[in-house]
Amino acid sequence: INDRKTSAMIHAACLMGVTCGGGNAQQRADIMKIAELMNAQIVDVATDCLTLQFTDSVERTETLISLLKPYGIKEIVRAGALAIEKGSAVARRKGN
């Protein structure tokens, strides 16, 4: 996400464990499809849980959480907002 006032890219990062029904293949497939559509990465797989890594805007993070809540979120760890300046302003500053 771009903040035009500060010329920065701002993302939120999180890891979340989502229950996948103790081997329920359809529930696991649904969670995997949601992860794919939202560009979340599956970083760990167990028989009863998938762990997802997600970095995007706060709004998209909240959307992903709301989509996964019906399946049962076991745990969420959020790093908060991460930001970096973007564009040529950074390159000019480093070159000085």
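The model is predicted, so local features need pLDDT of at least 70 and side-chain atom pairs count only at pLDDT 80 or more, while totals for chains, interfaces and linings use all residues. Residues are numbered from 1 along each chain as its sequence is written, and side-chain values use heavy atoms, with hydrogens and water left out.

Next, display strand β2 (residues 8–19) together with strand β4 (residues 49–56), which pair in the antiparallel sense over eight bridges. Strands are DSSP runs of E with at least two residues, helices are runs of H or I with at least four, and both are numbered from the N terminus. Two strands pair if DSSP finds at least two bridges between them.

Follow the chain from β3 to β4 through a hairpin of three residues.

Finally, select Gln-27 in helix α1 (residues 25–38). Is Gln-27 buried or exposed? Gln-27 counts as buried because its relative accessibility is 16%; buried means under 20% relative accessible area, exposed over 50%, and partly exposed in between (1.4 Å probe, protein chains only). Leaving aside residues up to four places away in sequence, Gln-27 touches Thr-19, Cys-20, Gly-21 and Tyr-71, where contact means heavy atoms within 4.5 Å.
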